[in-house]
Amino acid sequence: MTESNTPAAAGKSVKRSAWSSKWAFILAGAASAVGLGNLWRFPYLAARYGGGMFLLTYFVLAFTVGISLLLLETALGRRTRQSVIGSFSYYNKKYRFIGVLATLVPFIITPYYCIIGGWVTRYLAAYVVGSPSAMADGGAFFTSFITSPVGSLAFMVIFMAIVFIVVGLGVQKGIEKSNLIMMPLLIAFTIGIAIFCMVQPGAWEGVKYYLVPDFSKFSPQLVIGALGQMFYSLSLAMGIMVTYGSYLDKKENLTAGVSYIAGFDLLVSFFAGIMIVPAAFMAMGSADAVAAGSGPSLMFITLPQVFVDMGAAAKVIGVLFFVLVLFAALTSAISLMEACVSIVQDGLHFSRRKAMTIVIIIVLALGFFVDGGYSFFSFIQPMGEGSSLLDLFDFVSNSVLMPIVALLTCIFVGWVIKPKELIDEVRSSSKFKLASVWSVMIKFICPVLLVIILIAFVGSSLGAFSI
Ligand code: TRP
């Protein structure tokens with residue numbers, strides 16, 4: 001990315017960043033999309049919701065709803081040449097609130113994302129210096145680590161420090177460079193480890209479960225789970241893709257760009273499933289057992305057991321696997337942090353340095369607070385017995401704010417500024433044969449699906465029904 005002076009909507013000249021090439025945009029979009037969501041969340045959802053059937057549903061949704069919304073966000077950013085708050089108020093000041101809501105999301109996600117990043121860093125360190133069996137003790141290692149205030153905070157701070165340094169180096173020297181190193185390694189490791197896991201004795205049963213759809217497993221819960229995951233994984237409805245679109249040159253092909261980003265994201269999720277679902281299946285014997293061990297414990301408790309069962313390879317696989325997860329978590333955390341910095345910079349007209357200082361203070365403070373949810377503040381159980389502050393942050397950002405922002409965005413584009421405004425933008429740089437399908441998607445299909453997931457998430461958390 002380079003800095004350039006572009007006249008802003010208001011007429012005054014502001015400093016705007018720009019991608020150095022189409023590939024820098026695709027790499028940054030993929031770096032933000034591919035993260036803990038793909039490696040930690042996707043596999044356990046796939047195991048829980050019937051393997052192949054979930055995979056199929058997820059792919060269909062990602063290629064229809066996912067790509068449509070990705071295109072909407074990047075086209076809106078490029079059309080208005082504004083980051084998220086500006087791109088809504090560009091049309092009318094009264095729509096500014098949609099952008100403001102979207103910007104809340106990265107501030108809520110970044111602190112808890114860095115906490116999980118700290119767990120990953122701890123596991124990597126343990127595999128490098130210790131014996132793989134230390135982590136495979138049925139959860140004692142994991143529980144004692146996350147509830148120890150000093151240990152878990154220390155690793156959160158180490159993870160955050162790496163993120164702060166990269167973002168501090170700037171967009172070109174820090175973010176673009178680190179993506180260029182981490183992303184190709186990430187893709188190579190994912191495919192390599194997945195193939196290794198697939199050829200383990202006994203893995204075949206699990207691979208079949210993961211790949212062959214069983215249509216009797218189809219359920220509304222499965223669709224809702226897949227939709228929620230798709231939003232999170234593609235980093236939609238948080239303003240980040242609007243901002244990235246606004247840095248993109250007017251002549252670059254938008255439809256190809258967003259297809260690559262979604263393609264990378266799907267590829268990594270697919271292989272993450274191949275490496276984790278059959279392995280967990282072998283360790284636990286049945287899909288139900290895998291599903292029961294879902295959530296953080298699948299990666300931090302079940303997998304270490306699977307690695308130990310691999311015998312001599314355990315240490316190497318453990319190290320490679322957690323390097324891979326660390327890279328995925330870092331590239332996403334870096335773009336989350338960058339999103340926060342650019343919001344403060346644009347919104348308050350601060351220098352980048354000043355904006356970074358403020359964001360670091362907020363992220364550290366919230367990080368300490370949420371991490372303390374497992375130790376000092378464990379008496380706060382905001383979502384019922386046994387829940388943590390991390391669960392609350394995850395719920396507010398993913399299950400409440402995200403569908404609301406996405407819904408408002410669809411209504412805004414579909415019914416206020418009208419799809420044609422963005423279709424023209426897409427057509428200024430490439431063909432767009434499916435424009436009329438896209439309009440129907442944005443005006444009708446996406447809003448209906450979004451209302452359904454919003455009701456489902458909120459209703460289930462209030463105990464009205466279970467998903
Ligand atoms: N997509 C990321 C993942 O799969 C998580 C994420 C959600 C994110 N929103 C984001 C990353 C915004 C960067 C920016 O883990």
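**Close-up views of helix contacts, salt bridges and loops**

E425 has 5% relative accessibility and therefore counts as buried (under 20% relative accessible area; exposed is over 50%, partly exposed lies in between; 1.4 Å probe, protein chains only). The model is predicted, so local features need pLDDT of at least 70 and side-chain atom pairs count only at pLDDT 80 or more, while totals for chains, interfaces and linings use all residues. Residues are numbered from 1 along each chain as its sequence is written, and side-chain values use heavy atoms, with hydrogens and water left out.

**View A. R78, K250 and E425 are linked in a network of salt bridges.**
A salt bridge here is a side-chain nitrogen of Lys or Arg within 4 Å of a carboxyl oxygen of Asp or Glu. R78 pairs with E425, with their closest N and O atoms 2.8 Å apart. This pair joins distant parts of the chain: R78 sits in helix α3 (residues 52–80), E425 in helix α18 (residues 419–427), and 347 residues separate them. Helices are DSSP runs (H or I, at least four residues), numbered from the N terminus. Both R78 and E425 are buried.
K250 also bridges to E425, at 3.2 Å from N to O. K250 is partly exposed because its relative accessible area is 34%. The structure holds eight salt bridges.

**View B. D249 and K251 form a salt bridge.**
The closest N and O atoms of D249 and K251 lie 3.7 Å apart. D249 counts as partly exposed, at 37% relative accessibility. K251 is exposed, with a relative accessible area of 62%.

**View C. Helix α8 (residues 171–198) crosses helix α12 (residues 254–284) at roughly 30°.**
The two axes come within 8 Å. Axes are lines fitted to C-alpha atoms, for helices over the stretch in contact, and angles run from 0 to 180 degrees between N-to-C directions. α8 and α12 are therefore roughly parallel (under 35 degrees; over 145 is roughly antiparallel, 65 to 115 roughly perpendicular, the rest oblique). The crossing of α8 past α12 is left-handed: the near helix is turned anticlockwise from the far one by less than a right angle, whereas clockwise would be right-handed.
On α8 the contact uses L186, I187, T190, I191, I193, A194, C197 and M198; on α12 it uses F264, L267, V268, F271, A272, I274 and M275. Contact means heavy atoms within 4.5 Å. These residues comprise 14 nonpolar, one polar and no charged. Nonpolar covers Ala, Val, Leu, Ile, Met, Phe, Trp, Tyr, Cys and Pro; charged covers Asp, Glu, Lys and Arg; the others, Gly among them, are polar.

**View D. Helix α15 (residues 314–348) meets helix α16 (residues 352–372) at roughly 120°.**
The axes of α15 and α16 come within 8 Å. That angle makes α15 oblique to α16. Their crossing is right-handed. M337, E338, C340, V341, V344 and Q345 of α15 face R352, A355, M356, I358, V359 and I360 of α16 across the contact. By class, nine are nonpolar, one is polar and two are charged.

**View E. H349 and K418 have positive phi values.**
Most residues other than glycine have a negative phi. H349 has a phi near 55°. H349 lies in the loop between α15 and α16 and is exposed, with 61% relative accessible area. K418 is not a glycine either, yet its phi is about 75°. K418 belongs to the loop between α17 (389–416) and α18. At 41% relative accessibility, K418 is partly exposed.

**View F. L222 in helix α10 (residues 220–233).**
L222 is buried, at 0% relative accessibility. Leaving aside residues up to four places away in sequence, L222 touches Y49, M53, F54, T57 and K217. From L222 to F54 is 168 residues in sequence, but 6.5 Å in space, C-alpha to C-alpha.

**View G. T243 in helix α11 (residues 240–246).**
T243 is buried, at 8% relative accessibility. Beyond residues up to four places away in sequence, T243 touches S83, V84 and S342.

Notes:
Helices (H or I, at least four residues) and strands (E, at least two) are DSSP runs, numbered from the N terminus.
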